[in-house]
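Dear colleague,

I am handing over the structure below, together with some notes on what was found in it. Please read the notes with the structure open beside you.

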Amino acid sequence: MPGVRLVQVSKGFGRIRAVDRVSLEVQDGEYVCILGPTGSGKTTLLRLIAGLVEPDEGEVYIGNRLVNQYPPEERDAVYVPQRYALFPHITVLENVAFGSTAKGVDREEAFENSRRTLELVRLGWRADAFPEELSGGMQQRVALARGLASGAKLLLLDEPLGALDARLRVELRDKLRKLVKEQGLTAFHVTHDQEEALTVADRIIVLREGRVQQQGTPFHVYRRPENLFVANFVGGTNFLEGVVAGREREGSYIRLRGDLQVQVQDISYLVDETVVVAVREEKTLIKADVDEEPNTLSGEVKAVRFLGCFTRYEVGLENGDTVASRVPTYTLEKTFTAGSRVKVGFHPVDAMVYPYPSLGLLKEVEVS
Amino acid sequence: MGFLDTLSSNPNARQTVYASAFIFFTALILLPSMLGIFLKRESIGEVFTDPALMGRAQSAIVWSFTVAFLVSTLDLLAGLPLAWFIVRSGSRWVNVVDTLADIPFIIPTAALGFSSFLFWSSPGGISTLFGVEALIPPGVILVMLLHFAFSFPVIVRVIVGELLGYKETYEIAAKTLGAQPFTAVRTVTLPIIKPALVAAFLLAFGRSLSETGATLMVAGPVFENGPVFIKKAKDAGLEGPLVFVSFILIVASVLIFALIRFLGARLRLPTGRVSPFLERGLSRTRSVAARDGVTLLIFIIFVLAPSLFVSLPATYALLDGTFTEAVSGRGVWGGFWQSMLLSYGIGVVATLINIVAGLPVAIMIARNKLGKTSTTLLDMLVNVPIMVPSVALGVSLSFFWNALGSLPELWVLILSHTTITYTYFVRAMAAAVEGVSAEMEETARTLGGRPLTVFRRITLPLTKYSVFSGAVLVFTRSVDETGAAIAVSRQLKTAPVLLVDWVKGVVPVTASERALGVSFLVLTSFLSLLILRLVIRGKR
């Protein structure tokens with residue numbers, strides 16, 4: 001029942017267009033992550049669905065109902081803000097029962113139901129506590145229980161893990177997804193953390209400046225970003241500017257600055273067209289010895305970052321470009337230090353090619 | 001879930017409530033405050049034909065602003081160190097000083113005027129120490145001393161509030177960068193709390209401009225500022241001068257408030273050059289102790305003692321039989337108790353009207369219901385009743401309501417007191433509602449709560465102490481009000497107005513009766529504020 005459909009929805013604040021002609025369709029029971037940088041319109045999109053702001057144009061459907069004219073209390077869509085907005089003057093149990101009692105459900109029945117919901121999030125023992133007495137993680141679970149107990153089937157989670165410390169975020173994001181799935185809810189989860197989105201979502205919608213850049217499964221968005229912005233925002237990527245030097249059946253040749261040349265599998269670009277080659281950092285290999293494989297470029301290690309299970313090398317190429325290579329630490333046959341001469345390369349099949357953007361590469365991938 | 005809760009989901013119903021409150025504000029508060037004077041603009045010509053009268057009127061206006069400016073500046077200079085002492089000294093006397101600083105708040109200004117008069121200008125006061133009859137005779141100096149005393153707690157309260165919320169880390173950062181404590185305060189803290197300093201100055205300025213009853217008691221026969229001139233003109237039936245001075249006071253006050261607000265935001269405090277040697281000296285423990293000592297001395301001599309002095313003759317009144325006579329309601333006391341009843345009755349009605357009519361406007365301001373520009377405008381207009389000197393406001397209201405027909409005097413009084421106190425309630429409530437996160441209300445609605453349900457169960461419980469303290473503030477302010485009451489009253493006299501007559505000798509009473517009458521007013525005000533304190537303390 002609570003699938004959500006947005007048709008050409010726009011919302012502006014003064015001269016800023018926070019949401020710009022967004023259309024999307026989310027199925028009942030789907031867990032959707034809205035991913036985008038600060039100011040991309042994620043929260044506004046969520047508030048449009050909740051009915052907390054009215055669209056300037058377009059239609060919002062929840063289930064089969066056109067809800068543009070419905071006030072928030074009649075949409076059955078619970079909004080959970082980043083700081084949870086637990087009511088500080090009433091107990092945890094009263095917070096959880098708020099939705100039911102506000103709708104006129106008998107108090108006893110509402111409280112009984114709320115106790116059961118609190119057990120579900122394993123907080124039954126804190127029913128009589130006040131919100132300020134709970135840890136951040138517990139407050140998040142109470143906010144979820146409050147949404148569940150209200151009977152709503154659509155959860156609108158605005159950065160639900162944003163107020164928690166890094167370790168707790170990782171722990172709770174899996175539990176959050178599990179709970180939503182077990183209860184058969186539809187969830188919109190707003191985040192700017194790509195790792196969080198990739199981990200919990202059935203589907204990711206990437207937003208930028210109020211517009212949908214791409215939507216699809218996490219795997220699809222990661223492996224096949226539709227534009228340079230998505231390629232940069234979701235996962236670490238190297239960008240190399242060049243011109244198509246030749247096309248053959250097995251691939252194209254791209255001439256980079258300094259007369260370097262690489263081969264890519266994509267043959268959809270014409271000769272002399274200016275393009276950008278994008279390669280994921282983990283697909284960029286780094287070696288010490290000379291290699292006759294295609295796409296091997298010489299360079300010097302400029303910086304080494306140890307990231308625990310990964311090590312990230314920044315390599316300055318002979319043409320002045322810089323590429324990064326992210327290598328699982330335990331697979332490294334040899335470690336390099338700053339100043340080491342190395343070879344970096346990638347397989348043609350791992351290179352993604354995009355037309356050179358009219359406003360320049362930096363502007364295109366800019367996050368804020 | 002009641003019918004009203006369900007109705008509140010209807011946007012038209014909500015708009016109707018907001019529109020009604022807005023119309024009430026515009027038609028019954030704002031327009032009468034400004035329009036009354038304009039209705040009588042033709043009579044202003046009278047002043048221009050009489051140079052002597054014109055000279056008096058101009059001098060009164062200049063004195064009003066001069067006194068207000070000087071007193072507010074001195075209050076700021078004396079109040080800032082005391083606020084600092086209360087928040088930062090860590091002395092075990094802090095709680096005592098903190099409570100004592102509120103005393104001029106507790107005492108109605110009319111009573112404070114009488115108390116100051118007794119302290120500075122009567123043979124039984126401080127004059128005895130100097131062997132003179134009146135150390136400071138009634139006149140401009142006494143008016144300034146009085147205004148200094150009653151504006152002082154306003155300054156201290158605002159700055160204490162600001163300093164409590166100020167993050168000391170800025171100051172610590174400055175010190176770790178090598179600044180002396182005095183330098184850190186001067187160049188970092190004071191510029192950061194500048195908005196509060198400007199607000200405190202404005203409040204003291206407005207309070208000084210508005211004060212009427214107490215000023216009348218200490219002005220003496222010669223000195224005239226705006227309110228004193230207006231009172232004399234009213235008594236003499238001179239409508240032209242009355243309108244002229246009221247008009248100038250209203251326009252000049254609004255302009256000055258707007259100017260200070262505008263410049264205050266842009267003005268940079270002159271931090272000047274740092275003199276390490278001098279500022280190190282001023283940061284030393286001995287210098288700080290000397291500063292605290294002088295601050296407390298000023299507070300005791302110029303604020304505390306004159307405010308409390310009335311209790312001395314009141315004690316005599318308990319012994320010489322005046323108290324028994326007062327309780328029995330004989331002689332002048334019959335009229336006194338009627339006036340007290342009238343004051344408190346008007347206070348209750350004005351408070352109730354303000355709660356009903358002010359709350360929606362407070363929500364409109366706090367929640368930006370009219371959009372940014374219109375809400376800012378409404379926010380500014382709500383301040384008009386406190387920007388305008390209350391006696392000038394009273395004159396305007398009196399003309400406005402009388403022009404509309406023969407509205408009973410009691411209603412004119414109630415409307416005047418509602419107007420005078422409206423800003424206090426709306427301001428207090430708007431701040432309280434702003435303090436409740438809008439996200440909380442929004443979340444409550446997405447959980448199924450109708451707007452009225454959310455207000456009843458979330459917003460109101462979280463702001464109920466502000467509603468209560470706002471109501472007590474309105475009530476005590478209404479009971480204390482003298483200026484507007486003097487301007488609009490014909491037959492009916494509220495307690496402060498009656499006491500002004502007693503002190504000025506319009507009604508022949510003994511010194512004991514005067515002191516006891518004033519003390520009754522002080523006592524009842526004190527009880528109201530005591531309830532407020534207890535409630536607020538209960539909250540903590």
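**Strands of chain A**

In this predicted model, strands E11(A) and E12(A) form a hairpin, with 2 residues between them. The two strands, of which E12 covers residues 251–256 of chain A, pair in the antiparallel sense over 6 bridges, and within this pairing Val244(A) has Ile254(A) in E12(A) as its bridge partner. Strand E11, which covers residues 237–248 of chain A, is also joined to strand E14 (residues 274–280) of chain A, and here 7 bridges link the strands, which run antiparallel. In that pairing, Phe239(A) stands opposite Ala278(A) of E14(A).

**Where the chains meet**

The contact between the chains draws 19 residues from chain A and 18 residues from chain B. On the side of chain A that touches chain B, strand E6 (77–80) and helix H2 (92–102) each supply at least two residues, and the residues of that side divide into 12 nonpolar, 4 polar and 3 charged.

**One residue of chain B**

Glu239(B) has its place in helix H15, which covers residues 239–266 of chain B. Is Glu239(B) buried, exposed or partly exposed? Glu239(B) counts as partly exposed because 16 other C-beta atoms lie within 10 Å, whereas a buried residue would need 20 or more and an exposed one 12 or fewer. If its neighbours within four places in sequence are left aside, Glu239(B) is in contact with Lys40(B) and Ser43(B). Ala83(B), by contrast, is 156 residues from Glu239(B) in sequence and 44 Å from it in space, C-alpha to C-alpha.

Key
Residues are numbered from 1 along each chain as its sequence is written. Chains are lettered from A and ligands numbered from 1 in the order in which they are written. This is a predicted model: local features need pLDDT of at least 70, side-chain atom pairs count only at pLDDT 80 or more; totals for chains, interfaces and linings use all residues. Two strands pair if DSSP finds at least two bridges between them. Helices (H or I, at least four residues) and strands (E, at least two) are DSSP runs, numbered from the N terminus. Two residues are in contact if their C-beta atoms, placed from the backbone, lie within 7 Å. Ala, Val, Leu, Ile, Met, Phe, Trp, Tyr, Cys and Pro count as nonpolar, Asp, Glu, Lys and Arg as charged, and the others, Gly among them, as polar.
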